[in-house]
Amino acid sequence: MKHRDQFLARGGEMGRLIKSMDWSATSLGPIECWPQSLITTVSLCLASTFPVLIAWGPDTIQIYNDSYRLVCGDKHPMSMGQSFRVCWETALPVVGDAFTRGQSGEGTYIKDQRMFLDRNGYLEEAFMTFSFAPIRNEAGEVGGIFHTVTETTDKVLAARRTQVLRDLSTLIGKAETTEKICEAILGKTIDFSCDIPFLLLYQLDSKVNNHCVIAAAGIDADTAGVNWSFDEALQSLQPGVITDLGSHFGHIPFGPYPEAPHSAVVLPVNIAGEQRPWGFVVAGVSARRTLDETYLNFYELLGNAFSIAFSNVHAYEQAQQRNDALAAIDKAQTAANSPERAHVLIVDNNADMRNHLARLLEKYYYITTAKNGLEALEQVERKKPDLILSDIMMPVMNGKDLLERLRGNLATAQIPVIFLSARTGGEARIDGLEAGADDYLVKPFSAVELLTKVKSHIRILKLRNHAEQQLKNLFEQAPVAICLLKGLLMNIEVANEIQLQYWGRAAEEVMQKPLLEALPELKSQGMEGMIEKAYTSGKRYITGELPLKIIRFGKPEDIIVRITFEPLYEENGHVSGIMCVTNDITFFVAAREAARNYSDKLEQHVEDRTTALKVANEELKRTNRELEDFVFMSSHDLQEPLRKIQTFGNLAMSAEAARQPVREYLEKMIASASRMSGLIKDLLTYSKLNKNEDLFIETDLNVVMKNVLRDLEPDLKKRKAHIEISPLPRIKAVPLQMNQLFHNLLDNSLKFNDQEPVIRVSVSILSPEKQATVPKLETDKRYYELVFRDNGIGFEQKYADQVFTIFKRLVRVSDYPGSGIGLTICRKVVLNHGGYIYPESQLNEGCTFYVYLPVL
């Protein structure tokens with residue numbers, strides 16, 4: 001016996017189970033009586049890492065390996081030694097014939113077969129790729145079946161649900177009215193009942209919370225008219241799950257299966273730009289699938305599809321209203337209304353062509369015309385257009401010369417130019433684009449082709465202008481002086497208020513002027529050479545402590561600054577300008593020198609003055625570090641989405657753009673602009689902390705924590721987080737900054753966690769002994785110790801100082817998203833309140849942040 005069961009020794013968990021079972025109760029008999037053919041086959045089965053089952057003998061007694069055990073679900077371990085036909089009775093309608101052919105000696109292979117299995121307490125829809133192969137015994141007859149299987153349920157369901165979303169989005173996305181969306185649902189030209197057994201569309205009253213069903217699919221409309229409660233969905237504006245459909249519908253059968261669905265998902269239909277949902281979609285959940293995370297994601301995408309469709313309807317209706325209003329305005333008011341419409345300048349010496357182009361475009365744009373390049377330049381000087389549509393071959397000044405003049409002037413260099421030409425072929429197009437044109441149209445061209453290119457370029461221009469305006473707004477909010485110098489002449493294109501104060505000039509005195517013309521006193525102080533060095537080398541150049549003589553507000557003044565010159569690159573890799581970030585360190589240098597002087601003269605004040613020197617130097621270093629971080633962010637992180645906008649804009653305008661939709665590229669451009677907006681928002685929060693102008697008041701930290709938990713409630717529920725918080729004290733603080741501190745610490749505990757988060761917040765008064773070990777705490781003050789402890793992914797302790805560095809990330813952004821500013825804000829808030837913060841952590845063992853704040 002010991003020798004006969006050796007083949008089970010390395011058979012894993014199933015091998016041990018087989019060895020422990022009493023096989024004499026089955027038709028196979030005791031293991032020592034098994035034929036060699038069965039022993040050999042079972043040995044191969046158990047050694048395989050692929051799911052394998054053996055059905056042996058007339059009773060089809062089944063034996064399987066560890067990998068197949070997952071296929072069995074809750075049937076295991078009773079399924080071991082059970083008859084295959086009894087165990088998998090619900091699958092026999094689709095696999096029985098193939099199994100019988102295997103018993104007759106014929107092998108079979110079936111891919112992605114749909115079947116229904118009762119393996120997890122309910123009849124479950126599943127998909128399998130499998131084979132049945134006959135096993136010959138010692139007599140050469142079929143002794144059993146060798147059955148291999150791969151479950152493809154996730155793959156098939158993902159493909160089917162993706163197709164449902166694609167078809168449904170196409171169906172309702174074309175609708176221009178709510179009625180047509182309802183007709184599309186009622187018509188139900190696509191079958192989605194396997195994943196969405198029923199679908200109800202409810203419209204919410206615009207003033208009260210009453211609602212009514214306006215479309216139903218997969219269920220009788222009268223039955224659908226039940227009274228639902230959307231109160232919870234209105235508060236959270238997130239998908240919700242209803243698990244008691246029986247209380248709504250009773251025992252009325254509906255859906256594709258005999259058993260009715262028992263749960264549904266409530267999806268808000270949100271209109272872009274509106275705070276209140278338009279309505280709700282109630283979508284049934286299949287009675288033969290569990291509502292797992294993947295299934296729930298499908299419903300969220302379904303809700304997005306309806307939100308997009310109704311947003312399109314809303315936008316279309318608004319556009320129709322605008323068009324109707326415009327149509328009612330007399331043509332005589334065109335000139336007065338032209339600022340509201342994009343301005344297109346048509347340049348062509350052929351009067352018929354000018355008139356033809358004007359007729360095609362005047363419905364959509366404010367049109368002006370010119371007969372040649374010189375006349376066009378004169379018009380551009382009077383009023384800059386949004387786009388120029390120009391012929392190439394013209395008298396007086398041709399299109400290429402016009403383009404050269406436009407690109408050579410900073411004020412007009414960014415105007416999109418589309419060339420028109422009768423020259424055909426790739427070389428002509430390349431010649432026009434290499435000359436600097438944004439696009440090229442070959443005559444004759446269709447009206448659709450012309451409108452597509454003009455609309456696309458104007459849309460790109462608006463997106464670019466919006467992104468540039470956001471960047472300029474950021475500069476205005478920045479805590480340092482910033483200016484942008486464009487071209488070899490170093491024209492001042494942007495200068496924020498702090499920079500203007502450094503210069504002692506009003507904006508109208510310097511903007512769009514060369515730097516050394518606007519501030520001639522800088523010529524003899526080496527400024528030109530420093531900028532030229534950064535411009536020609538393409539590398540960042542940072543000055544040391546630079547003394548300058550400035551005519552500030554009409555009076556000479558000596559200042560000491562530190563300037564970072566950062567090259568600005570175009571998408572072609574060429575440097576087009578310089579960003580100058582200036583930090584006035586006059587006060588810090590003076591403080592340092594004063595400390596040195598007093599140290600020499602007054603020996604008794606050495607310690608105090610040395611401390612002043614150290615504080616001044618540390619503040620200077622910190623300011624310099626934050627300045628460099630800000631420069632890097634401005635020149636790289638904020639410009640990267642801007643470069644994407646330009647890149648996708650060029651792709652949208654490629655040779656095939658007129659014949660292919662550009663929506664995908666425009667969506668990517670909008671996503672890039674959205675990412676930049678998020679970065680700007682976080683950076684502005686940090687910039688405001690640097691200003692520290694908020695009022696300190698007596699603050700109950702329990703109230704602050706309650707507000708933060710309310711803000712984080714959706715994430716806490718979604719992540720099933722367990723949080724314990726001790727009673728917190730009252731301190732002298734800025735409530736908003738305390739909110740930012742608690743929010744970022746708790747958000748990090750949720751974000752950087754691969755399991756159900758466990759977060760504990762405790763507080764105690766710091767003992768004098770421990771206070772002596774904590775750096776930067778004043779000895780004559782008492783401090784609270786707030787401890788934030790979690791069970792997240794943690795990090796190696798050697799990186800403890802780096803986690804507070806702005807934009808520093810210890811993990812990939814694709815794995816754990818974020819801006820890299822949160823902990824920097826935490827440190828700044830704590831420092832603003834005269835405290836200290838540091839972490840203790842080990843990789844994969846959670847993290848603890850210790851926060852010390854003065855006692856009230």
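How do the residues of the lining of the second largest cavity divide into nonpolar, polar and charged? They comprise twelve nonpolar, one polar and no charged.

The model shown is predicted, so local features need pLDDT of at least 70 and side-chain atom pairs count only at pLDDT 80 or more, while totals for chains, interfaces and linings use all residues. Residues are numbered from 1 along each chain as its sequence is written, and side-chain values use heavy atoms, with hydrogens and water left out.

**View 1. Cavities of the structure.** Two cavities of 30 Å³ or more are present (a cavity is a set of points, on a 1 Å grid over the protein atoms alone, where a 1.4 Å probe fits but cannot get out; lining residues have an atom within 4 Å of a point). A volume is the space filled by probe spheres set on the points, which are joined across faces, edges and corners.

**View 2. The largest cavity, about 160 Å³ in volume.** Of its 16 lining residues, Gln499, Trp503, Met527, Ile563 and Thr582 are the closest to the centre. Two or more residues each come from helix H18 (497–503) and strands E19 (546–552), E20 (555–569) and E21 (575–584) (DSSP runs numbered from the N terminus: helices, H or I, at least four residues; strands, E, at least two). E20 gives the largest share, four residues.

**View 3. The second largest cavity, about 130 Å³ in volume.** Among 13 lining residues, Tyr68, Trp88, Met115, Met128 and His147 lie nearest the centre. Helix H3 (66–72) and strands E3 (108–117), E4 (124–136) and E5 (142–151) each give two or more residues. The largest share, three residues, belongs to E4.

**View 4. Residue classes in the lining of the largest cavity.** This lining holds 14 nonpolar, two polar and no charged residues (nonpolar: Ala, Val, Leu, Ile, Met, Phe, Trp, Tyr, Cys and Pro; charged: Asp, Glu, Lys and Arg; polar: the others, Gly among them).

Conventions:
1 Å grid on protein atoms, 1.4 Å probe; cavity = no way out; pocket = protein on both sides within 12 Å on 5 of 7 lines; lining within 4 Å.
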